[in-house]
Structure formats: structure tokens, C-alpha cells
Amino acid sequence: MAQRFEGDGWGMQGPEGWDMASEEGAVMYTSEDGGCLQMQGHRKKDGEVNDDDLDEVAADHLEAGAPVRDVRLGDFVGFEVDYDAGELSCREWFLRSGGVLLFGTLVRPVERRGAEDETVEQALISLRVAAEGKGGAVDEGKAAASGGGSSGGSPQGGGPRARRR
């Protein structure tokens, strides 16, 4: 059964069948097949998060020329980078909605590249902006009763994006 996480200003339904661990502002879902999805949220003190903020967080990837793809995931927009690092295959997301910035990473063995993508993308389209609060794990029955399910959004964005850096 998928587990729901509520962070400070955001929430998501985890991948079906993955284990969940969380601490303040962050959640980690792990699969039996070696995949690890981590999401971490930050609330901007003043104003809304914009593309410049995302570019700043992703500066190392952008300066290295990593291919970038625009995405809309649930209530959030931003971009994704996909690369290999030795024996690991990595996908990273830099997302924003209102005053919330999310940074996500999926890491798995390189030989499993793509194997869990559909499951992970279903979880990511459940990303929602939430009311202010401390967050944490949520009982799925209570989340369903309060309308906290997944709907809408698409992991597919436009083509490669020309970043300003």
C-alpha cells in the first residue's frame, strides 16, 4: 500500500509497494529492487519560488551542460535532469509551486535504468501544495477521507529547455 507524506507546504503519495522513511521536510521511498526516491521541500521566506531560484539550486548540473527537460508534476512545475554516475542511474527534479521549492532524486543501479520510472512518475504526479504545517507520514485512510489522493498532472514536459546559465 502506498504511503502518503505531508511536508511543510507540500505532500505526495509514495510509489505503490515502496517502503517509506521520513524526517522533517524530507521523505525517502525505497523499493525491493534497489530504487530510492528522495524528496525534500523548502518554503521560501518571502515571495514565490521562480525559475531563477531553481537555476541556482541546479547550477552544478546546468553549468556541466546536463540535458534538461521541463516537467509539470501535480501542482508543481520545473525541470528534470537524467544522468549516470558510475554504476548508478540518477534522475533529479527541481520543482516549484508558490513559495515551495522541491528537490527530488531517484537513484537506482544503472542496469535498472527505466525499470521503475512509471511507478515513480505516478507518485510524482500526486505532488500537491498543502497548508502550512510540520508534515510527516499520513494515515492513508485519513488522507483518502480528506481528498488527499493523486490526480492530474503529467510527467511529460516539453523538449529540452534552454536554461539561462
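## Basis and terms

Ala, Val, Leu, Ile, Met, Phe, Trp, Tyr, Cys and Pro count as nonpolar, Asp, Glu, Lys and Arg as charged, and the others, Gly among them, as polar. The model is predicted: local features need pLDDT of at least 70, side-chain atom pairs count only at pLDDT 80 or more, and totals for chains, interfaces and linings use all residues. Residues are numbered from 1 along each chain as its sequence is written, and side-chain values use heavy atoms, with hydrogens and water left out.

## Largest pocket

By class, the lining of the largest pocket has six nonpolar, four polar and one charged residues. A pocket is an open set of points on a 1 Å grid over the protein atoms alone, where a 1.4 Å probe fits, with protein on both sides within 12 Å along at least five of seven lines; lining residues have an atom within 4 Å of a point. The volume, the space filled by probe spheres set on the points, is about 170 Å³ for the largest pocket.

The lining consists of A21, S22, E23, A26, V27, M28, Q38, M39, Q40, F103 and T105. At least two lining residues come from each of β3 (19-23), β4 (26-30), β5 (36-43) and β9 (100-109); strands are DSSP runs of E of at least two residues, and helices are runs of H or I of at least four.

## Nonpolar cores

A nonpolar core is a set of buried Ala, Val, Leu, Ile, Met, Phe, Trp, Tyr and Cys residues joined through side-chain atoms within 4.5 Å. Buried means under 20% relative accessible area, exposed over 50% and partly exposed in between (1.4 Å probe, protein chains only). The largest core has 22 residues, of which W10, M12, L37, M39, W93, L95 and L127 touch the most other members. β2 (10-13), β4, β5, β6 (68-73), β8 (88-97), β9 and α3 (117-124) each supply at least two residues of this core. Apart from it lies another core, of ten residues, including A58, L62, A66 and V81.

## Aromatic pairs

There are three aromatic pairs in the structure. Rings of Phe, Tyr and Trp (its six-membered ring) pair if their centres lie within 6.5 Å; planes under 30 degrees apart count as stacked, over 60 as edge-to-face and the rest as tilted. F5 and W10 are a tilted pair because their ring planes stand at 50 degrees, with centres 5.2 Å apart. F5 is buried at 1% relative accessibility, and W10 is buried at 0%.

The pair of F79 and F94 is stacked, since the planes lie at 25 degrees, with the ring centres 5.2 Å apart. F79 in strand β7 (residues 76-85) and F94 in strand β8 are 15 residues apart. Together with F103, F79 and F94 form one aromatic cluster.
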